[in-house]
Each structure stands twice: as C-alpha cells, then as structure tokens.
Amino acid sequence: MTDSERREDKFHPPAGASPATTDARVSASEAVSPTPSWLAGRGELVVAAMTLGIAVFLTVGIVTMDVPEGAGSPGPTFFPIIVAGLLYVLAVLLAVQVVRAPRPVDGDSNSSRVGVSTDLLNDVGDIDTTSEIRVIRSTVNPKTTSKIGLTDWKTTGIVLASVIIFVLILQPIGWLLAAAALFWALAWALGSTRPLFDIGVSLIFSSCMQLAFSAGLGLTLPSGILTGVFSWIN
Amino acid sequence: MDQLGNLLEGFSVALTPMNLVFLVIGAILGTAVGVLPGLGSAMAVALLLPVTFSLDPTGAFIMFASIYFGGLFGDSTSGILLNTPGNSSAIATSFEGHRMAKDGRAAKALGTAAIGAFMGGMIATTLVVFFSPYLVRLATLFGPAEYFALAAFAFVAISAVVAESVVRGLIALGIGLSLAMVGIDGQSGAARFTLGNPEFFDGISIIVVTVGLLAMGEVLHVASRIHREGSAMQIQTSGSPYLTWREFKQVLPAFMRGTAFGLPFGAIPVGGSEVPTFLAYGTEKRLAKRRGDSMFGGRGAIQGVAGPEAAGNATAGSAMGALLALGLPTSATAAMMLAAFQQYGMQPGPLLFERSADLVWPLLASLFVGLIILLVINLPFASVWAKLLLVPKHYLYAGVAVFSVFGVYAIASSMKDLWLLIAIGVLGFVMRRFEIPVAPVLIAAILGPLAETELRRALAVSEGDLGILVASPISVSLYAIMALAILISIVQHLRHRKAAAL
C-alpha cells in the first residue's frame, strides 16, 4: 500500500460502512478525470518551493548583512545559518516525498484542523477506523459534489482581493466605510443572498466597532472622508 | 503558607468591581466565540487579544484569561450539537457528545461538558497555585544552556514527535524561526532581513502572525470550501442539563481520570490538549468495554464527554502554570498569552513572580472566579448559547475578517502590519490546505528569540565549546526525555507502517 492509500483508509471506512456519512474523499477520487495530470496530489510542491524561497531569502540576507564591529562570536548570522540550512534540507525532502508519493488532500474543513498525528491520536484514544474519526468530517454540498476536493479559487480570490482593497482604501475613506465594504463583500462572496439587506448589516457592524473601540476604549481608527462627522465623538 | 496569603491578596484585586466587569465581559465574549461554529478558543484569543491591549495590564490579563477559559467552555458546544468541534481540543468530546445529542440528550451532554470543564480547570488551577513556587525555584536553576535545552525540547516535541509528518512539522518550525529573526538583533545590533526598511527594525509582531495564521488563514480556507461543503445538521437541545446524583457519582471518577491525564500534559509542549483528551477518551472507552456498557459508542455515554472535557481544561490550567513559572508556552494559545505578556514588557518565568506579583496573583485568583462565572453562565443557559450556532456562516466569517484587520491595525496603526497580515494569511491558507500544522510556527516564532539568545550566550561563555550544552544534569535529562520521545514516536510510526503493509 502506498502512503496515500494508507492515509485514506485511516480516515475512511470501506464504502457502505457508514451510509449516513457522506464521504468527501471517496467522491473526490471518483471525480478525478480519467487521465489525472501528473500534478494531481503533487500540489504541495508549492510548499517545497516556498520553503526553498525562504531559505534563499535568508541566505541573501545573511550574505549581505552588515555585522557591526565588536559583535561577539556566535554573531548575528550564526542562528540564521542553521535555520537556512535546515530549510534547504527540508525543501528537498518534502519535494522528494511529494514526487514519490503524491498525497491527495481534500482540504476538508474539519479533518485538516487537527495538527497532531492521527496515528498517535488513534493509539492513545483507542480509536478504530470505522467509528470515530469519520464523524467529524464535513458534509458535501450536493450541487458541487464533483468538485469537492478542489479549491474554490474564485471565492478565495474574491475574498483575498476584498481584503487587499480594504487595506488600500482604509486611510483615504476611513474605517467606517472601508470595514462596511469589506464585510459586505465577504458576506456576498461567501454566499449571502440578500445584498441590499447586507448593506445595513455591514454598516451597523462597522459602526458598532467604531463606537465600542474608538469612543469606548480610545483606540484610534482612521476616520477618512467622514472626519468632520466624527469630530463630535472624539 | 505563602501561597494562600498571596492568593487572598490576589482575590482582593480580582474582586474589585472593575475587574469583575472585565472578567464577566471576557467570559461572555470567550464563550460566544467558542460556541460559534468553526471558531474555537484559539480563535477567541487571537481575535480578542488586541482588544485587551487598551486596558491596564491587570485588567487585560484578567479579561484575557477569562476569554481563554470561556473559549474552552464554548468549544464543545458546536462539537456536541453540530459535530464540528471548534478546536481540535474538543474533538474527543464530540465523539460521545454528538451521539448523546442524537439520542435526545443534548442538554445533558452540554451540562456534563460544562461541569467537566469546570472541575478540570478548578483542580488544575489549585495545583498551579500551590506548585508554582516550586516550579519557580526549579526555573532559577536554569542557565542559558538549560533554557536552550527547554526551547529545543519544545521545538522537537511539537514539530516532530506529535506531528503527522516530521518534514512538514519541521518546515512549519523553520518558517516560525525565520519570522522571528526579522528585525534588529538584540545582542549585536545588526539589522537582519529587514531589506533596509526601518519599519521592520522592531521585527514582525507575533500578534500579526497569530491573527494571520489562525483568523485570516481560516477565512481564506473557508472561502475555498464554503461552496463545496454542505451545512451541518444542528440538533436541538432538549431535556435538563443537570446531572442526577446517581449520574454524578457515575461520572465523578471520569472527571478525575480526565483531570489526571490533562495535568501533566499542560506542562509538556506537545501542542495543547489533543493528546490528553484522546487519552482520556480512550481510557473511558476501554473501561466501558470492560464494564460491558453498551451506551458507550452507541447511544453515547456521559463518561465519554466528562473525561476528555476535564482533561482539556486541566491541560489549559496547568499550561498556565508552566507559562507563568517557566515562561514555557506549551500550546499555540499559550504562545499567544506569552505574546501578550511581552506586549506589556513582561517576561514570564521565575522573575515574573518576584517582579510582577501584583499581577500574577490577581490573575490566578481571577481564574478561580472566572471558572465559577463560566459555570454559572454555561450550565443553565447552554441552550441559549446554542442559538449562536444559527448565525449564518457568511456573516460569521465576514465578521472574523473585519475583526482581524481591526485587531492588527489597533496594535500600532501601521499599514505595514496589514500587508503582513494578508501575506501571513495566505501562508496560513496554504498550510491549512496541505494539512501542515500551524502550532509549530507560533511556538517557534515566540520561543525562537529565546532559543537563539540563550544558545549564543551559552556558546559565548564556553568560547564555542558545544560541550556546555550538555554540561548540567538538567539539560542532560531534558535531552534524554527528548530522545526517549523521539524513540517512542519512531517505534509507533514503524508499527503503523507494518500494520498498514499487512
């Protein structure tokens, strides 16, 4: 058995063992197109690349660092050298692991929350593969069953873009409107069906925060174009 | 006894009206965030941490501690009713808890969880009060080499021993250490990895890292899943949350066993309460099997809720002791707590009890008061809190995003922090996507500077001789425990590989 199959078994009882639970990963593997691309299950190479990137960044930083005279020996580059070395080794190890044994990750909201080894938890918790772990998996939205294992790039992209736009407009237009816009955009992207009603909700939400923290606790929030209106509060 | 007198003095501060108000507000906010579906105690602390900074230190810590414990009380609610535990510490509770809920005994499960959380927390806090002076005395024996051994122990335990994949755990650790190195090096004054930008001279705020990884990363993760996953079915609460005397006598041993599992794990850096809660669950399961109890695993047994829940809060309580007395954060949430201390210019550890006794003892006293308040607002009103589960997900995560940008901006009104938040949020999203644990990043980011400073200090004293790192019995025994843990973990991995190959 390969590593990935083993993983799958650990979380999932054989089909039919639990008719009540919709099994996300089984549907994910059914949904894979007939000729899966080489990249399937190897998306994690992104992480290896990122790790390598950090290691390179550290290396450049170490080489170009201005070490003040009189810095003791182990100096300021001592620890970074160890960390950078570690990261180079890890990036290679991860890349090798991922290339040799592709790991399909379905990104299930519940199972990916656990940061601790499932082997370990199964051992200490006397857990058998047919009962407990599966109960915490999410259900599948019937409309998008075929895409369950795939990341929803559109929604993620909209959310990320909304946050970036918020940061850009925060100072010019002020907290109240910028935060309301962020709240509204996210609620819409995440599936709200009442955009008009949401305008009210977001304005109430952001003004409550402004009132509670700016007037109540004295934190300063940029007031932007509403400066004049707010002068009476502060 | 000294401790008793100190504690009474602490009570006199904790019970002033203003601090009581902070305590109640914190308990309510913490429980609320803990109950909200998908959000747990770690998120409660991350989101509300910046808010507490505008208070005076004593008030802030009192509020902070009650947010933390409130989150722990709330965690199990969504696990029991929705089967989506808010925090990984509540998974073990959800197994039997959700079965009980499906059996029409949701209120009883919630009540048992609240009592379990109360008892675990109470016993742990009491022990912390009486043992912390001894821990402090132990900590005064620590020199640079010993502190480095302690930090190395924490790094290895959290990233290699308990992680699903050693390589991924260590990558998380390396990322955390890299984030911690940005800024002016305290010992030599060299600017490191700042790209010459003065805004980075102070380093990357640990709060930006936590909020980014835990909150912003979670929002992006939810965005990537929300149109894929269906909604969980909520079970209505019915019945009485109170235990009958007979039931109480049945579960009392389970509470005690759970607490006994939780206590030692609070002081060991293995990422929090997953391991002890699962241990407690496994023990109850085996005992039920021996008794021939058919409820366990079928309709749901209260022991299965009581054990893990008590274990979870006992871990949190003794983690507080390890944090205050040794300065050692044993979980992601404890790491945030440590960040909060640093924000106020205090360094937990042996000196804290001497220099900031006026803060530590009220904090410990407020834990007792907080637990009582939490029991009062949780036990009778569990079904009221459960109404929070009805908040639609799109409003919930929109709110989380707004709160995280607010919190990060509130630290220093800096736009740089907001851009960092986005970058770290994307990092957190990628890590969630590939199931790379985030706890090692937080532990490394918070303990990294300590590890580096102590290592360099030790080597400077010994003029480069590595032998100094293993020159004292304390550090030797720490490394020995570490080696033992690695050995056990290797054996266990091999056993599973063998079992899988058959």
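A:Pro102 lies in the loop of chain A that runs between α4 (78–100) and α5 (118–124). The structure described here is a predicted model. With a relative accessibility of 25%, A:Pro102 counts as partly exposed, because its value falls between the 20% limit for buried residues and the 50% limit for exposed ones. Although 64 residues separate A:Pro102 from A:Trp38 in sequence, their C-alpha atoms are 9.1 Å apart in space.

Chain A as a whole contains nine helices and zero strands. Its pattern along the sequence is accordingly written α-α-α-α-α-α-α-α-α. Chain A has 234 residues, of which 46% count as buried. Among the contacts in chain A that join residues at least 6 apart in sequence, 71% are between residues at least 24 apart. The accessible surface of chain A amounts to about 11400 Å², and carbon and sulfur atoms account for 68% of that area.

B:Met18, B:Val21, B:Ile25 and B:Leu29 make up a nonpolar surface patch of about 320 Å². One of these residues, B:Ile25, belongs to helix α2 (residues 17–35) of chain B. B:Ile25 has a relative accessible area of 37% and is therefore partly exposed.

Helix α7 (residues 144–161) and helix α8 (residues 166–181) of chain B pack with their axes 7 Å apart, at an angle of about 135°. This angle makes α7(B) oblique to α8(B), because it lies between the range for roughly perpendicular helices, 65 to 115 degrees, and the limit of 145 degrees above which helices count as roughly antiparallel. On the side of α7(B), the residues in contact are B:Phe155, B:Ser159 and B:Ala160. Their partners in α8(B) are B:Val166, B:Gly169, B:Leu170, B:Leu173 and B:Leu177.

Charged side chains form a further set of interactions. Side chains of opposite charge can pair when their charged atoms come close. Over all chains, a search of the whole structure finds 14 salt bridges. One salt bridge joins B:Asp103 to B:Arg299, with 3.0 Å between the closest N and O atoms. B:Asp103 is in the loop between α5 (91–102) and α6 (106–140) of chain B, and B:Arg299 is in the loop between α11 (274–291) and α12 (302–326) of chain B, so the pair ties together parts 196 residues apart in sequence. B:Asp103 is partly exposed at 29% relative accessibility, and B:Arg299 is likewise partly exposed, with a relative accessible area of 45%.

Other salt bridges lie within a single helix. B:Glu452 and B:Arg456 form a salt bridge whose closest N and O atoms are 2.7 Å apart. Both residues belong to helix α19 (residues 439–461) of chain B, where they are four residues apart, about one turn of the helix. B:Glu452 is buried, with a relative accessible area of 5%, and B:Arg456 is buried as well, with a value of 4%.

In helix α19 of chain B, B:Arg457 and B:Glu454 are three residues apart, about one turn of the helix. Their side chains meet in a salt bridge with an N to O distance of 3.9 Å. B:Arg457 counts as partly exposed at 42% relative accessibility, whereas B:Glu454 is buried, with a relative accessible area of 10%. Salt bridges with shared partners also join B:Asp185, B:Arg192, B:Glu452 and B:Arg456 into one network.

Key. Residues are numbered from 1 along each chain as its sequence is written. Chains are lettered from A and ligands numbered from 1 in the order in which they are written. This is a predicted model: local features need pLDDT of at least 70, side-chain atom pairs count only at pLDDT 80 or more; totals for chains, interfaces and linings use all residues. Side-chain values use heavy atoms; hydrogens and water are left out. Helices (H or I, at least four residues) and strands (E, at least two) are DSSP runs, numbered from the N terminus. Buried means under 20% relative accessible area, exposed over 50%, partly exposed in between (1.4 Å probe, protein chains only). Contact means heavy atoms within 4.5 Å. Accessible areas come from the Shrake-Rupley method with a 1.4 Å probe; for residues, only the protein chains shown count as cover. Patches are made of residues with over 30% relative accessible area and no salt bridge: like charges are joined within 9 Å, nonpolar side chains (Val, Leu, Ile, Met, Phe, Trp, Tyr) within 5 Å. A salt bridge is a side-chain nitrogen of Lys or Arg within 4 Å of a carboxyl oxygen of Asp or Glu. Axes are lines fitted to C-alpha atoms, for helices over the stretch in contact, and angles run from 0 to 180 degrees between N-to-C directions. Angles under 35 degrees count as roughly parallel, over 145 as roughly antiparallel, 65 to 115 as roughly perpendicular and the rest as oblique.
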